[in-house]
Amino acid sequence: MTIETNKVLARRYFEEIVNERRLDILEEIVAEDAIDEARAFSGGSGNREDFRQHALWLWENVQDVKVTVTDLVAEDDRVVVYWRIEGIHKGTIFGVPGTGKAFTGNSISTITFQDGKVVRYTVLPDRLGIIEQLGGAA
């Protein structure tokens, strides 16, 4: 696969899976044994199901969630995605119970591809910025 193909797939991950709530394309773009580090190291299953659970958790806890890819940088089999999340704080996020407040945060994700599918996903969210907007202890 080419770097450009990987960038297209990375964008699709955010736009189609998260924004359009299209879990039906998980099999198409995420390998069965892919690792979602946001879930795998906190009791997840260590496979594609973690990606599904991650999306369901997001939709449950952030009303009207929208992510916007702001930049993509790629080399070899990896794409670094800079993205912004917006929504209404509905459920517990980063230890802060739902407040009903609107928030925006910037995050960086690294997605590793193999044979045209995601095999590893990591994310570095703006925890502090989001917690401060929600009125939680920083």
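This is a predicted model: local features need pLDDT of at least 70, side-chain atom pairs count only at pLDDT 80 or more; totals for chains, interfaces and linings use all residues.
Phe51 lies in helix α4, residues 48-61.

A pair of aromatic rings is described by two quantities, the distance of the centres and the angle of the planes. Six aromatic pairs are counted in the model. In one of them, the ring centres of Tyr13 and Phe14 are 5.3 Å apart. Their planes meet at 80°, over the 60 degrees that the edge-to-face class requires, so this pair is edge-to-face. Tyr13 and Phe14 are both buried.

Phe51 also takes part in an aromatic pair, with Tyr121 as its partner. Here the distance is 6.4 Å centre to centre, and the angle between the planes is 65°. This pair, too, is edge-to-face. Tyr121 belongs to strand β5, residues 117-124, whereas Phe51 belongs to α4, so the contact ties together parts that are 70 residues apart in sequence. Tyr121 has a relative accessible area of 3% and is buried. Ring pairs join Phe51 and Tyr121 with Tyr13, Phe14 and Trp83 in a cluster.

Empty space was examined next. Rolling a probe the size of a water molecule over the atoms shows where such space is left. The largest pocket holds about 510 Å³. Its lining consists of 25 residues. Ala38, His54, Trp57, Leu58 and Val123 are the closest to the pocket centre. Helix α4 gives the most, with five residues. By class, 20 of the lining residues are nonpolar, three are polar and two are charged.

The pairing is antiparallel and runs over 11 bridges. Within this pairing, Val67 has Ile85 of β3 as its bridge partner. β2 and β3 form a hairpin, with two residues between the strands. Asp76 lies in the turn and has a positive phi of about 50°.

Note on methods. Residues are numbered from 1 along each chain as its sequence is written. Side-chain values use heavy atoms; hydrogens and water are left out. Rings of Phe, Tyr and Trp (its six-membered ring) pair if their centres lie within 6.5 Å; planes under 30 degrees apart count as stacked, over 60 as edge-to-face and the rest as tilted. Buried means under 20% relative accessible area, exposed over 50%, partly exposed in between (1.4 Å probe, protein chains only). Helices (H or I, at least four residues) and strands (E, at least two) are DSSP runs, numbered from the N terminus. On a 1 Å grid over the protein atoms alone, a cavity is a set of points where a 1.4 Å probe fits but cannot get out, and a pocket is an open set with protein on both sides within 12 Å along at least five of seven lines; lining residues have an atom within 4 Å of a point. Grid points are joined across faces, edges and corners, and a volume is the space filled by probe spheres set on the points. Ala, Val, Leu, Ile, Met, Phe, Trp, Tyr, Cys and Pro count as nonpolar, Asp, Glu, Lys and Arg as charged, and the others, Gly among them, as polar. Two strands pair if DSSP finds at least two bridges between them.
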